[in-house]
Amino acid sequence: MSRKKNTKNLYNQVLIFTNGITEKIYFELIKEKKITAYTLKINHFIANPEQLVRKAIEYKEQSDGTINQIWCIFDIDNSHNEKVLEPALILANKNRIQIGYSNLSFEVWLLLHYTTIIAQTTNNNKLIKNIDDLYHNNIKCKQNYDKTNKNDLKKYFISHLKDAITNAKVIHQKQIKKYNYKQETADCIAKYNPCSTVYKLIEALNKYKKRE
């Protein structure tokens, strides 16, 4: 008689692909926080959105059947003008890869841990200045924001995860209502400034909890 196959770890893996070092550190902290029963694997590549999605597709094609979801997390930045945003969205949709974007950058997602009042900008230095101000005035922290500081990301942002989800939803819905697009094309996403849909990944992870 053949043994029953152990399915405990099958279809239980979530792959996260990102092109930002802050995002990589942030999601490693999410993994450490153990908010989900999924097994998380974070992959970092220096790549534009289209290249990042293609990397994700390569991994998917070589998968061993344990992958439940694949997410690509990236900044919008200048990707629409560079003609790499639309191909990324088309490829992701065709290959059932989920997208979490931040416009202008991941710093918008970080600010959403504390506020929904974020001015539209095409200059990421202004967003970094906003986080510096947040450190000094709200958090009462003397140092400036350092995107590679794991301890700060854990202490000041991961601890406010629920607020980030709520605030990100508010901003996203405001942008949808403002521009009234029926679906999120590259054109409309480029206009959704500021905005971050990273919350969708966090919610997807939260849906699968470890049993007590």
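Helices here are DSSP runs of at least four residues, numbered from the N terminus. With that in hand, here are close-ups from a predicted model.

**View 1. Glu50 and Arg54 pair up along helix H2.** Both residues sit in helix H2, which covers residues 49–61. They are 4 residues apart, so about one helical turn separates them. Arg54, at 43%, is partly exposed.

**View 2. Lys24 reaches Glu28 in helix H1.** Here the closest N and O atoms of the salt bridge are 2.6 Å apart. Helix H1 runs over residues 21–33, and Lys24 and Glu28 lie 4 residues apart in it, about one turn of the helix. As for accessibility, Lys24 comes in at 23% and counts as partly exposed. Glu28 is partly exposed too, with a relative accessible area of 25%.

**View 3. Lys129 meets Asp133 in helix H5.** Zoom in on residues 124–138, the stretch that makes up helix H5. Lys129 and Asp133 are 4 residues apart in this helix, which means about one helical turn lies between them. The salt bridge joining their side chains has an N to O distance of 3.0 Å. Lys129 is partly exposed at 45% relative accessibility, and Asp133 is partly exposed at 27%.

**Putting the views in context.** How many salt bridges does a search of the whole structure find? The count is 5, and the pairs shown above include Lys24 with Glu28.

Notes: Residues numbered from 1 in each chain as written. Predicted model: local features only at pLDDT ≥ 70, side-chain atom pairs only at ≥ 80, totals over all residues. Heavy atoms only, no water. Salt bridge = Lys/Arg side-chain N within 4 Å of Asp/Glu carboxyl O. Helix = DSSP H or I, 4+ residues; strand = E, 2+ residues; numbered from the N terminus. Buried < 20%, exposed > 50% of the residue type's maximum accessible area, 1.4 Å probe, protein only.
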